Amino acid sequence: MSRPGRPHVPMRPLWRCRACGAEWPCQPARLALLVEYRDERTALLVYLGTLMQEAGDQLAQIDGHVRPPGLTDRFLTWARARGQDPRNFPE
């Protein structure tokens, strides 16, 4: 009997994956989110935008109140629907 794998969820306030240690959302988390929100891309982007804000605030507290660069790419750009311009996502 095999044990189910650990879920790829964020470890706050570091925003690393609890299962694999990569920056969250890691590749397995991205795939799971795309499957879960397959018919609701706008809802996925709202959810990820909310988490991006939370992550930015928490990571800034850890790193001398400086928000890390690249949060838009990390949280939103990969999840946009094909044909959407990533420059429309604010940093």
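Predicted model: local features only at pLDDT ≥ 70, side-chain atom pairs only at ≥ 80, totals over all residues.
Reader: Which residues have the most contacts inside the largest nonpolar core?

Author: The residues with the most contacts inside this core are Trp15, Trp24, Leu33, Leu48 and Phe75, and the core has 19 residues. Helix H1 (27–36), helix H2 (41–62) and helix H3 (71–75) each supply at least two of its residues. The largest share, seven residues, comes from H2.

Reader: With which residues is Leu33 in contact, leaving aside its neighbours within four places in sequence?

Author: Beyond those neighbours, Leu33 is in contact with Trp24, Leu44, Tyr47, Leu48 and Trp78.

Reader: How do you know that Glu54 and Arg12 meet in a salt bridge?

Author: The N to O distance between their side chains is 2.7 Å. The cut-off for a salt bridge is 4 Å, so a pair within it qualifies. Glu54 and Arg12 therefore form a salt bridge at 2.7 Å. The pair links distant parts of the chain, with Glu54 in helix H2 and Arg12 in the loop between strand S1 (10–11) and strand S2 (16–17), 42 residues apart.

Reader: Why is Glu54 called partly exposed?

Author: Glu54 has a relative accessibility of 27%. Buried means under 20% and exposed over 50%, so a value in between is called partly exposed. Glu54, at 27%, is therefore partly exposed.

Reader: What makes Arg74 and Glu23 a salt bridge?

Author: Their side chains meet at 3.8 Å, N to O. The limit is 4 Å, so the pair qualifies. Arg74 lies in helix H3 and Glu23 in the loop between S2 and H1, so the pair ties together parts that are 51 residues apart in sequence.

Reader: Is Arg74 counted as buried or exposed, and why?

Author: Arg74 has 11% relative accessibility. Because buried means under 20%, Arg74 counts as buried.

Reader: How many salt bridges does the structure hold?

Author: The structure holds three salt bridges. One of them joins Asp57 and Arg67, the closest N and O atoms being 2.8 Å apart. Asp57 lies in helix H2 and Arg67 in the loop between H2 and H3, so this pair ties together parts that are ten residues apart in sequence. Asp57 is partly exposed, with a relative accessible area of 38%, and Arg67 is partly exposed at 40% relative accessibility.

Reader: What makes the pair of Trp15 and Trp24 tilted?

Author: The structure holds four aromatic pairs. In the pair of Trp15 and Trp24, the ring centres are 6.0 Å apart and the planes are at 55°. Planes under 30 degrees apart count as stacked and over 60 as edge-to-face, so the rest are tilted. At 55°, the pair is therefore tilted. Both Trp15 and Trp24 are buried.

Reader: Why is the pair of Tyr37 and Tyr47 called stacked?

Author: The angle between the planes of Tyr37 and Tyr47 is 20°, with 5.9 Å centre to centre. Because planes under 30 degrees apart count as stacked, this pair is stacked. Tyr37 is in the loop between H1 and H2 and Tyr47 in helix H2, ten residues apart. Tyr37 is buried, with a relative accessible area of 18%, whereas Tyr47 is partly exposed at 35%.

Reader: Which residues do ring pairs link into a cluster?

Author: Ring pairs link Trp15, Trp24 and Phe75 into a cluster.

Notes:
Residues numbered from 1 in each chain as written. Heavy atoms only, no water. Core = buried A, V, L, I, M, F, W, Y, C linked by side-chain atoms within 4.5 Å. Buried < 20%, exposed > 50% of the residue type's maximum accessible area, 1.4 Å probe, protein only. Helix = DSSP H or I, 4+ residues; strand = E, 2+ residues; numbered from the N terminus. Contact = heavy atoms within 4.5 Å. Phe/Tyr/Trp six-rings, centres within 6.5 Å; stacked < 30°, edge-to-face > 60°.
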